[in-house]
Amino acid sequence: MGEGGRLVEGLRAYRLIAGMWIRSTLAYRVSFVLTVVGGLLVTGLDFVAILLMFSQVDVLGGYTLPEVAFLYGLSATSFGLADLSIGSAGRLGSRVRDGTLDTLLVRPAPVLAQVAADRFALRRVARLIQGTLVLGYAWVALDVDWTPVKVALVPVMLVCGGLIFAAVFVAGAAFQFVAQDASEVQAAFTYGGQTLLQYPPTVFGTELVRGVTFVLPLAFVNWVPAAYVLGRPYPLGLPEWAAFAPPLVAVACCAVAGSAWRAGLRTYRSTGS
Amino acid sequence: MGSARLYATVAAGGFRRYATYRVATAAGVFTNTVFGLILVYTYLALWDERPHLGGYDQAQAVTYVWLGQALFATLAIQGGGFETELMERIRTGEVAIDLYRPADLQAWWLAGDLGRALFQLLGRGVLPFVFGALFFPTALPHDPVIWAAFAVTIGLAMVVSFGIRFLVALSGFWLMDGTGAVQVLMVTGMFFSGMALPLNAFPQPLGDIVTLLPWSALLQMPADVLMGRTDPLFAFVFQAGWAVVLLAVGRLVQGAATRRVVVQGG
Amino acid sequence: MSEGATVPESAFIEVDRVEKVFDVRRRTGFLQRELRRVRAVDAISFTVARGEMVGYIGPNGAGKSTTIKMLTGILTPSGGRLRVAGIDPSRERTRLAHRIGVVFGQRTTLWWDLPLIDSYRLMHRMYRIPDGRYRENLDRLVELLDLSALLEVPVRQLSLGQRMRGDIAAALLHDPEVLYLDEPTIGLDVVSKARVREFLRELNTERGTTVLLTTHDLQDIEQLCSRVMVIDHGRLVYDGALAGLHEAGESERTLVVDLERELPPVEVGEAARVVKVDGPRQWLAFPASESAAPLVARIAAEYPLVDLSVREPDIEAVIARMYQDRETARETVVQAPGNS
């Protein structure tokens, strides 16, 4: 079976397993709605914190509230997409520890698809909804000349941002093949990355911005393309075309994460732990 | 008081249990450091824009950030201590066994959670704090008396934190699904403890209200004692007061829960 | 030389000098680690024909699970050649998955929080089982394993025995040609054990499914398997009929003689030794591989013999003896300097 065949098989298995979990979640509709509402409250809190900050100041790092809301909405929505679709992979370490990973390896489907779809948590749409709401607010409140290119860039950012975060999730899961208890390291990069991107790049030290641009290219989720939309100077004086680089960055991230995953799985299958 | 020995043993057990997870502890130190970094830069930008916001200067704001990261796991600000386990035991009915133990349910879990908190303070809290103090300008006192008072406030904060989470856990006796209660714990913990933004930087009158709530005994009180902004005696009285109230309410609820279990036979 | 040529035509599972080596790091001091190279499976060779039912036994850590994991494609062998239904398990794991069924006694392959039937529906789609076939198999398995009352129950609420039956059904929905069972009766009560065994016997005789099972319970073997493989310290120490295990274990049979009266222990030289005397009755141990006839003849000629009987050694004693004889560790110890 070629790579393409594997992808098709993986998506099919993913759809089957996730579908089963969604059906079982929706069997308890009231409970599900309450959980999502609760999730909206929890995920909305960090935006409330930003609102509180802006009750004391007019700009943060030179960005106004609608501009920060734009960054926040992009970051939260991209992250929400990745977390909803592949967040379950974060539990890989515990699957290795309790040996249940073996049961996935005897099924006729790619392991990553099974791990990602397992316990598919539809309640994670809360993050997605909340991010979209903030993005909607930013859209209304921003004073931006929305050219067709800028409008088109928004969905591109969301999809590519989702892929970049998904790559971080997968790489983090791959790391857990080696260090089973290290799921919190993954949290530092996923949840931490999401939090980082909610604030303007001008707030952070140059070293940190360099790190998240060239080493772990989270800056391409929103900072760089949003700078184009908002007409702001690019972080680190990147060239203008960098705003259109997210698709390339996303593909590269997925490729790296994919090889990390395969290497991790290979290690597991040769060591058994 | 032979029971003092028992609870000391339980506390030591709680400490050791968390100490065995070395990789998880290291991962936690890393995560708290990363979040500290993110938060410290946003605070610096905020205080750049509004110097003396909430009466803090920049160094104090920075100190507050790293203190928050040091105490995040220790005080289980977003949950993650004993309460998950207790709720599971309530859900499965195993709690009936705990109720028939010749030890007090509340004291038993308190001791274990204090052991956990102490380990997480030493294992997970110290390193991010030292990192912050090394690489950012902080406002730390030189007076050992203040450090001693600070240590007392942390101890009291641990008890208050337990008191809150004990109530959340006991809600499991009446609620079918604990998810909601845990979410409330996360929201309130994150927000009212001042983890997202120091309570003194909240706009008024919200700021005055949140300062009176028990959550301000967790992070805000130790921070203000450390940075000399609050009289330690006032902090002790405030924290101890909330600790007593929460533990007392916890006892009442525990009594009601016990009767419920006895009546229903588990 | 080509080992493959010697493999019989009907071989369904071919294992040819397969080995699995693990590097195990162990903390020996604050910063010191010891690196040990463990041969979990050491050049094992065997073949299993289609339709055979084989017991695979050995003490904990002998390499049973490692072998099963290599046969199912979970683990990649360190060396040797492995084929199941002509497929290299580690290279074509997903293709093989359609043709094998696996039951892990200790952990379930079912979805823990969902009703049993949900797991089956998912298997139906995941294994692309034709609808008619699925219905037919499900009905048959539900009936044979008595699952009808359990289908709507979440897996986590099932008892161990119920869950095991549920797991076995899940492993057979797609008509696998071979079924691997890792400790299928562990922790089950007597009734559940009997039911599982009866089902496996029927499965094997009626549908011709090849079965390979690891177990600690020798009754499983005695009641199900005509062939036994014993593994110890990663090596195959016995492969053959259950009956032959006795001789291979170099065990002893016991001759019980009743004499006319109480006498001093019988003297028959090297042929046997008296292990117990109780009044006129004496117990003599002699090698299981030897015939009892000359011994009986000699005693009858020299002593006032009233009655006698020969007792076969029980299988547990036999295997315990086999293990004892091979207690020598086959591990190379390498000291790794510094921290890991």
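Modeller: In a right-handed crossing (the near helix turned clockwise from the far one by less than a right angle), H4(B) passes H7(B). This is a predicted model, in which local features need pLDDT of at least 70 and side-chain atom pairs count only at pLDDT 80 or more, while totals for chains, interfaces and linings use all residues. Residues are numbered from 1 along each chain as its sequence is written, and chains are lettered from A and ligands numbered from 1 in the order in which they are written.

Helix H4 of chain B covers residues 82-92 and helix H7 of chain B residues 144-170; helices (H or I, at least four residues) and strands (E, at least two) are DSSP runs numbered from the N terminus. The axes of H4(B) and H7(B) lie 9 Å apart and form an angle of about 20°, where axes are lines fitted to C-alpha atoms, for helices over the stretch in contact, and angles run from 0 to 180 degrees between N-to-C directions. H4(B) and H7(B) are therefore roughly parallel to each other (under 35 degrees; over 145 is roughly antiparallel, 65 to 115 roughly perpendicular, the rest oblique). From H4(B), Glu83(B), Leu86(B) and Met87(B) meet Arg165(B), Val168(B) and Ala169(B) of H7(B), a contact being C-beta atoms, placed from the backbone, within 7 Å. These residues of the contact of H4(B) with H7(B) comprise four nonpolar, no polar and two charged (Ala, Val, Leu, Ile, Met, Phe, Trp, Tyr, Cys and Pro are nonpolar; Asp, Glu, Lys and Arg charged; the others, Gly among them, polar).

The pattern of chain B along the sequence is α-α-α-α-α-α-α-α-α-α-α. Its C-alpha trace spans about 60 × 40 × 35 Å along the principal axes of chain B.

Beyond chain B, two pairs of chains are in contact, and chains A and B share the most contacts. Chain A contributes 32 residues to that contact and chain B contributes 31 residues. On the side of chain A that touches chain B, helix H2 (29-56) and helix H9 (183-197) of chain A each supply at least two residues. H2(A) gives the most to that side, with 13 residues. The classes on the side of chain A that touches chain B are 20 nonpolar, nine polar and three charged residues.

Helix H8 (residues 148-178) and helix H11 (residues 223-230) of chain A pack with axes 10 Å apart, at an angle of about 160°. H8(A) and H11(A) are therefore roughly antiparallel to each other. Their crossing, H8(A) with H11(A), is left-handed (anticlockwise instead). On H8(A) the contact uses Lys150(A), Leu153(A) and Met157(A), and on H11(A) it uses Pro225(A), Tyr228(A) and Val229(A). By class, the contact of H8(A) with H11(A) has five nonpolar residues, no polar and one charged.

Chain C does not touch chain B; the nearest C-alpha atoms of the two are 11 Å apart. Chain C does meet chain A, with 22 residues of chain C in contact with 18 residues of chain A. H1, helix H2 (93-97), S5 and helix H3 (116-126) of chain C each supply at least two residues of the side that touches chain A. H3(C) provides the largest share of that side, four residues. The side of chain C that touches chain A divides into 10 nonpolar, seven polar and five charged residues.

Chain C contains an open sheet of six strands, ordered S5-S6-S7-S3-S8-S9, with mixed pairing (strands pair if DSSP finds at least two bridges between them). Strand S5 (100-104) and strand S9 (235-241) of chain C are the edge strands, each pairing on one side only. On average, neighbouring strands of this sheet are turned by 15° against each other, direction ignored. Strand S8 (residues 227-232) of chain C runs antiparallel to S9(C), and six bridges join them. Asp232(C) stands opposite Arg235(C) in S9(C). Helix H1 (residues 64-72) of chain C lies across S3, S5, S6, S7 and S8 of chain C and runs at about 150° to S6(C).

Another open sheet of chain C has four strands in the order S11-S12-S10-S13, with antiparallel pairing. Strand S11 (273-278) and strand S13 (305-311) of chain C are at its edges with a single partner strand each, so one side of each is left without a neighbour in the sheet.
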